[in-house]
Amino acid sequence: MNRFCYWCVAIIFSGFIQQANASIADFKGEDGYRLWLKYDLLSDVSLRKNYAKQLGSIYIDTQTDTGKVIMQELQLALPGLLGQEPRFTDSAQQATLVISLNPSLQADATDEAFAIQTQQGKIQILAQNPVGLLYGTFHLLRLVQTEQSLAKLDIQQAPKIKLRMLNHWDDLDRHTERGFAGESIFDWHKLPDYKEQRYYDYARANASVGINGIVPINVNSNSLILTPAYLRKVQALADIFRPYGIKVYLSIKFSSPQQLDGLPTSDPLDPQVQQWWQAKAAEIYQLIPDFGGFLVKANSEGQPGPGDYGRTHDIGANMLAKALQPFGGNVLWRAFVYAHDSEHERSLQAYNEFVPLDGHFESNVSVQVKNGPIDFQPREPFSPLFGAMPQTSLAMEFQVTQEYLGFSTHLAYLGSMYKEVLDSDTHTNGEGSTVAKVIDGSLSKAPLTVMAGVANIGADRNWTGHIFGQANWYVLGRLAWDHDLSADNIAREWVAMTLTHDPKASEQIVAMMMQSRENIVNYMTPLGLHHLMDTGHHYGPGPWVDNLGRDDWNPTYYHRADDKGIGLDRTTDGTNAVSQYAPYWQEIFNDPKKTPDNLLLWFHHLPWDYTMASGKTLWVELVEHYYAGAAAVELMQAQWLGLKDKIEPNQFNQVRMALAIQVKEARWWRDACVLYFQGYSNMALPAGLEKPQHSLEYYQSLTFPYAPGQG
Ligand code: BDP
C-alpha cells in the first residue's frame, strides 16, 4: 500500500478509536515476563496428542550441569505445551526422544553445532558438546511452539557467528544508559549472595536464541568492576550463566591501572602497565575459568585510551589481547570514535583512524563497528569500515535498545533494519561482498567472528518495556546464529511463540512489524536525514538544536537546512565521505539521481524544489513522508485494536497503551519537523494535509529533564 493509502485509511479508522479506561480485567493473563518461552497449551488437540507420543519418553545422556538445564526446560515446556508430564528414562532404546552426545565425533570445546533427526519414529538430538544439545533442545521446542511437524526431521545447524553477544549499558548503581525498561537487571549490591530467579530466566531466554556472551556493564565503564569485591559478583553471574553456554565479558576502563592501583600511567607500552593487566587477567581467570574477555570504549566521548599517550588503537588493544591470550580470552575494541579536534566530518573519522591499522591487531581482537558510520540512527548506510579491513576481524554492533527509535513506547521491529545492513553489498571484493560475509569471516577469513547488540533489557516485568521490544532481543540472537534467516520468518516465529497462533492475526501482526521501522524513519528522519533528536536524552524532535559543546552533536550539523535546500553534501564536492566506499557505491552516492531516495539527504544537499524521481519536489516528498509515517502509526493502532480477541488482555493492553503514545509522538515529530523545515523552504504544505497542532515555538519550548536513559 502506498503512503497515501496509509494516510486515508488511518483517518477513516481514527474516528472509531476510543481509548476506554482500563479495568482490572485488562491486566489479566500474560504480562510478558515469560517472553517467547510461554509454553501455553497448544489448542490443536490432535497435534498435541501427536507431540505427546513423539516426546513421550526422553533419554538425556549428559550428566553435566547443561544436561540438568535441558531436563528442567523440558519439565517446564512439555506439560505447558502438551498438558502432559514428560517421562525421563535411562534407556535410550525405550525413549522416543534421545538427547545424546555423539561420541564418534571429535569433540571441539567451542563447537556449538547440533543435529536433529527422526529415524524410525524416534527423534534424536545429537551434538559434540552439551551446549549443542541445549541449542538442539530449544530448536525442537521452537518447532513444537510453532506447530511444525516432527515426523521427518533432518536438521543440522551450526552458528554462522562465533560470539553472539548482548552488551548491556548498565551502570553499577543500576542506572541503564539508554535503557527504557526500568533499572538494570543486575543487582550488584546484592550479588554475589542473592541470585535472583531473573538471572536464570534471562539465561534461558538467551540460550534459546543462541546468545552465548554477555557484557553486564556499560561501555562507559567503571574501574570498580575490576576490584576483588566486584569480581566475586561477576563470578556469581558467570556461575549462573555457564550451564546455559553463556560467557561473561567485562567492559573495562583503560585507565584502571592508575585508578585502582595508583600506577603513574596507563600507557600500553609501559611494562608496569602491561604487567598490571596480565596480573588482572590471571586474577579474573582464577575466579572465572571461562571468562570471555574485555569490551573497550577507548578515546571516545571522553573515555581514556591509548591515544592519551600518543599510541594508536592497535597498541592498546594488543596489550590487553596479550594479557588474555594465555587464558583464551578475547578483546572487543570499539570503533565508535570521533575526535573533538578532527577537521573531518564525523562520518569519516572511524574509518580514517582504523583502516591504516588493518592487519595490526592480534588474532584475539575484534574491532567492533556500529552498523552505520554515525550512530544508530533510524536509517544509515552501512559503515564503510565493513569490507575495508580485510586483515582484521570486524564485529557488528547493533543497537537493540531504541535510543533513536522512540524509546520503549514506539513499536519498531528491528529485524528488517538488521537484515538491510547485513544484506548490503559492500562491493569491496566484487559483487556479493555483503556485510554479513565480512562479519562471518567468509571474506576476511578472520578466526574471530562477532555480532553484538546493545541490550534493551531492564527490570520491567516484561523485560523490554514494550512487548514488541522482546522481538528485537529475539531477532538479534536468531540472526547472529544464522544471518540468512529472513526477518519476516523470524517475526512469524516470535509472534507464534509470544502472541497468537491465529493465522490471520499472525499475518497481520507480522506485516505490521515489517513496516514498523520504516514508519519511524518516515516520521523522524525521512530521505536520509539523521540525528534530529533533542539534546542529551534524544527524546523527541530537536532539529533546531545548534548550541551544543561540539558542532557535530548538533542536529543542524547533520541536516544543514538553509534557504537554498537541505541535506549534508558528502559527495566528492562536499565532505567526500563517498570516497570511503567501493567505486561501485561512489558512483551511485555521488549522483543524486542514482542515490536511493532513502539515503538522498545523507549524501546530498539539494534545493527545496529539486525534482525527485516521482516528479514531485523535494519539499513535497519530505512533507509527505512525515505525514505518511504518522498516518501509518494510526493505521497500526487501528489494526491492533481489531486484534483484541486474539491476544491475551495484559499483552494486548500494554501494546494498546504504547501505541496511543506512539500516535501522539509521531504527530509531534511530524509537526515539529515540518514546521521547522518550512521556515527554510518557505513553501506551503501540500493541499489537503491536516495542519500542525501547535506552533513551532511551542515545540521548541518543550523540555524533558527526567527523560529516561540519559548518558
Ligand atoms: C551514543 C549514546 C551514548 C553511548 C555511545 C556509545 O548516546 O550514550 O555511550 O553511543 O556507543 O549513541 O558509546
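1. Q377 is buried, with a relative accessible area of 1% (buried means under 20% relative accessible area, exposed over 50%, partly exposed in between, with a 1.4 Å probe and protein chains only). Q377 sits in the loop between strand 12 (365–370) and strand 13 (393–399); helices (H or I, at least four residues) and strands (E, at least two) are DSSP runs, numbered from the N terminus. A polar atom of the Q377 side chain lies 2.9 Å from the backbone oxygen of D375. A polar contact is a pair of N or O atoms within 3.5 Å; within protein, one must be able to donate a hydrogen and the other to accept it, and residues adjacent in sequence count only if both atoms are side-chain atoms. Leaving aside neighbours within four places in sequence, Q377 is in contact with Y404, M417, H530, H531 and M533, where contact means heavy atoms within 4.5 Å.

2. On provenance: this is a predicted model, in which local features need pLDDT of at least 70 and side-chain atom pairs count only at pLDDT 80 or more, while totals for chains, interfaces and linings use all residues. Residues are numbered from 1 along each chain as its sequence is written, and side-chain values use heavy atoms, with hydrogens and water left out.

3. H531, one of the contacts of Q377, has a phi near 55°, a positive value in a residue other than glycine. H531 lies in the loop between helix 15 and helix 16 (555–559) and is buried, at 5% relative accessible area. H538 is also placed in the loop between helix 15 and helix 16. The phi of H538 is positive, about 65°, although H538 is not a glycine; at 13% relative accessibility, H538 counts as buried.

4. The ligand is surrounded by 14 residues, the closest being E177, K297, K370, D375 and E403; a residue is taken as near a molecule or strand if one of its heavy atoms lies within 4 Å of it. A polar side-chain atom of E177 is 2.4 Å from an oxygen atom of the ligand. For E403, a polar side-chain atom lies 2.5 Å from a ligand oxygen atom. An N or O atom in the side chain of R334 is 2.7 Å from an oxygen atom of the ligand. Taken alone the ligand exposes 320 Å², and the protein buries 97% of that. Accessible areas come from the Shrake-Rupley method with a 1.4 Å probe; for residues, only the protein chains shown count as cover.

5. Helix 11 (415–422) is mostly covered, with seven of its eight residues buried. The buried residues are G415, S416, M417, Y418, K419, V421 and L422. They pack against strand 13, helix 12, strand 14 (450–454), helix 13 (469–481), helix 14 (487–498) and helix 15 (503–524).

6. S424 lies in the loop between helix 11 and helix 12 (435–439). Is S424 buried or exposed? S424 is buried, with a relative accessible area of 16%. The S424 side chain has a polar atom 2.7 Å from the backbone oxygen of E420. Neighbours within four places in sequence aside, S424 is in contact with F382, S433, T434 and V435.

7. The largest nonpolar core has 224 residues, and F241, W640 and F677 have the most contacts inside it. Helix 20 (residues 649–681) gives the most to this core, with 13 residues. A nonpolar core is a set of buried Ala, Val, Leu, Ile, Met, Phe, Trp, Tyr and Cys residues joined through side-chain atoms within 4.5 Å. Leaving aside neighbours within four places in sequence, F677 is in contact with L529, L532, P543, H559, A561, I566, W608, W619, L622 and Y626.

8. The protein is divided into domain 1 (39–157), domain 2 (163–498) and domain 3 (521–568 + 605–701); the bounds come from an automatic or database domain assignment. The C-alpha centres of domain 1 and domain 3 lie 48 Å apart.

9. A cis peptide bond joins L191 and P192, with omega about 5°. P192 is in the loop between strand 7 (163–167) and helix 5 (197–208).

10. S614 lies in the loop between strand 16 (606–607) and helix 19 (618–641). At 43% relative accessibility, S614 counts as partly exposed. A polar atom of the S614 side chain is 3.2 Å from the backbone nitrogen of K616. The C-alpha atoms of S614 and S393, 221 residues apart along the chain, are separated by 42 Å.
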